[in-house]
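Welcome, and please take a look at the structure below.

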Amino acid sequence: MNPYTSLQNYIISKKTISSYYIFLGIFLLLISAICRFYNYNDSLFQGLFFGSLTFGILIILLGITYRNSNTKIFLSVENDYLNDRVIFLNKETLRMEKVLDNFSSFQTIFTLIIILAIGVIISFKIPYISGVCIIISLLFSGILIIEAILKSSIDQYYQELQKAHSSNFILEGLD
């Protein structure tokens with residue numbers, strides 16, 4: 001597989017991930033609806049309602065924005081590929097190295113947010129705040145799972161870029 005085909009697969013994976021974000025947001029909105037009609041007078045359910053409503057809308061917007069930004073990235077990278085394969089290969093290798101470097105940092109930050117949210121639930125025992133923190137934990141757990149799914153396509157694309165550096169990829173197709 002050449003890096004361009006791998007790029008296409010990588011972008012398709014990222015667009016699928018954006019759909020997962022949208023589904024996560026819809027799931028949170030469903031929780032919000034259930035909490036609204038189940039026992040809205042209880043402050044725990046009010047916290048669950050407002051947390052899931054707010055974060056559900058935000059994660060849906062993130063999913064839409066993520067999909068659009070990936071389309072723009074693909075068009076830009078495709079333009080580099082069509083114009084100059086050397087520029088394509090160097091830019092993409094640098095970009096993917098940054099993605100890989102930042103991946104573990106984001107995973108760590110999201111894990112810390114989950115731990116902090118659980119700590120707030122245990123420490124403060126305020127029902128409204130606990131409801132919001134439950135949603136925060138659920139949201140970031142979902143994001144961790146979604147991003148873990150994407151990791152294999154990140155690794156595969158980066159490996160293809162590395163292979164291209166040591167092959168005659170730049171000269172392919174030139175007659």
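Let us begin with Leu144, which is found in helix 4. Helices here are DSSP runs of H or I with at least four residues, strands are runs of E with at least two, and both are numbered from the N terminus. Because its relative accessible area is 17%, Leu144 is buried. Buried means under 20% relative accessible area, exposed means over 50%, and partly exposed lies in between, using a 1.4 Å probe and protein chains only. Leu144 and Phe110 are 34 residues apart in sequence, with their C-alpha atoms 7.1 Å apart in space.

A word on the model itself: it is predicted, so local features need pLDDT of at least 70 and side-chain atom pairs count only at pLDDT 80 or more, while totals for chains, interfaces and linings use all residues. Residues are numbered from 1 along each chain as its sequence is written, and side-chain values use heavy atoms, with hydrogens and water left out.

**How the helices pack**

Two packed helices are described by the angle between their axes and the distance between the axes. Axes are lines fitted to C-alpha atoms, for helices over the stretch in contact, and angles run from 0 to 180 degrees between N-to-C directions.

Helix 3 covers residues 85–124 and helix 4 covers residues 127–165; their axes come within 9 Å and cross at roughly 160°. That angle makes helix 3 roughly antiparallel to helix 4. For reference, angles under 35 degrees count as roughly parallel, over 145 as roughly antiparallel, 65 to 115 as roughly perpendicular and the rest as oblique. The contact of helix 3 with helix 4 has 26 nonpolar, 9 polar and 6 charged residues. In this count, Ala, Val, Leu, Ile, Met, Phe, Trp, Tyr, Cys and Pro are nonpolar, Asp, Glu, Lys and Arg are charged, and the others, Gly among them, are polar.

What about helix 1 and helix 3? Their axes are 12 Å apart and the helices pack at an angle of about 40°, which makes helix 1 oblique to helix 3.

Lys125 has its place in the loop between helix 3 and helix 4. Phi of Lys125 is near 55°, a positive value in a residue other than glycine. Is Lys125 buried or exposed? With 65% relative accessibility, Lys125 counts as exposed.

**Aromatic rings**

A pair of aromatic rings is described by the distance of the centres and the angle of the planes. How many aromatic pairs does the structure hold? There are 10. Rings of Phe, Tyr and Trp (its six-membered ring) pair if their centres lie within 6.5 Å; planes under 30 degrees apart count as stacked, over 60 as edge-to-face and the rest as tilted.

In one of these pairs, the ring centres of Tyr21 and Tyr66 are 5.7 Å apart and the planes stand at 80°, so the pair is edge-to-face. Tyr21 sits in helix 1 (residues 3–38) and Tyr66 in helix 2 (residues 43–83), so this pair links distant parts of the chain, 45 residues apart. Tyr21 and Tyr66 are both buried.

Tyr81 and Phe88 also form an edge-to-face pair, with 5.2 Å from centre to centre and 80° between the planes. Tyr81 and Phe88 are buried as well. Ring pairs join Tyr81 and Phe88 with Tyr4 and Phe74 in a cluster. Tyr4 has its place in helix 1 and is buried, with a relative accessible area of 13%.

Some rings also have a charged residue over the face. Arg36 lies over the face of Phe49, 5.9 Å from the ring centre, and Lys151 lies over the face of Phe103, 5.4 Å from the ring centre. A charge sits over a ring if NZ of Lys or CZ of Arg is within 6 Å of the ring centre and within 35 degrees of the ring normal.

**Across the chain**

Thr71 lies in helix 2 and is partly exposed, with a relative accessible area of 29%. Cys133 lies in helix 4 and is buried, with a relative accessible area of 8%.

| Residues | Apart along the chain | C-alpha to C-alpha |
|---|---|---|
| Thr71 and Lys15 | 56 residues | 8.3 Å |
| Cys133 and Tyr81 | 52 residues | 45 Å |
| Tyr4 and Ile115 | 111 residues | 39 Å |
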